[in-house]
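Colleague: Can you walk me through this chain, step by step?

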Amino acid sequence: MTTVLDGNSIGGLLHEVFGRELTAAVGTCAACGSRRPVAEFVVYSQGPGTVARCRDCLSLLMAIVPIRTFNCVDLTGLSDLTG
């Protein structure tokens, strides 16, 4: 069974990757244009990495996958991340 979380659950991971608190930052979905705080993203973290999706259209917003000693980050689903 897949557990669905919100963006608050990846606050520590985002701080590790970006070096700052980002759950209050506002992201804009490139697919539907929805603007929401990262804390409201839909998060799945039971796979080999962590995936954040848009709460409105469920498009992929960000993916963070650990590979060896670093994290690979894909933010192509976000047209903007402010905060």
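Modeller: Strands (E, at least two residues) and helices (H or I, at least four) are DSSP runs, numbered from the N terminus. This is a predicted model, where local features need pLDDT of at least 70, side-chain atom pairs count only at pLDDT 80 or more, and totals for chains, interfaces and linings use all residues. Residues are numbered from 1 along each chain as its sequence is written, and side-chain values use heavy atoms, with hydrogens and water left out.

Colleague: In what order do the strands of the open sheet lie?

Modeller: The sheet has five strands, with antiparallel pairing. Strand S1 (5–6) and strand S7 (70–74) are its edges, as each pairs on one side only. The order is S1-S4-S5-S6-S7.

Colleague: Which residue in S6 is the bridge partner of Thr50?

Modeller: Strand S5 (residues 50–53) and strand S6 (residues 60–67) pair in the antiparallel sense over four bridges. Thr50 has a bridge partner in S6, and that is Ile64.

Colleague: What radius of gyration does the chain have?

Modeller: That radius is taken over C-alpha atoms, and the globule rule is 2.2 Å times the number of residues to the power 0.38. A compact globule of 83 residues would come out near 12 Å, so the chain agrees with its 12 Å.

Technical notes:
Two strands pair if DSSP finds at least two bridges between them.
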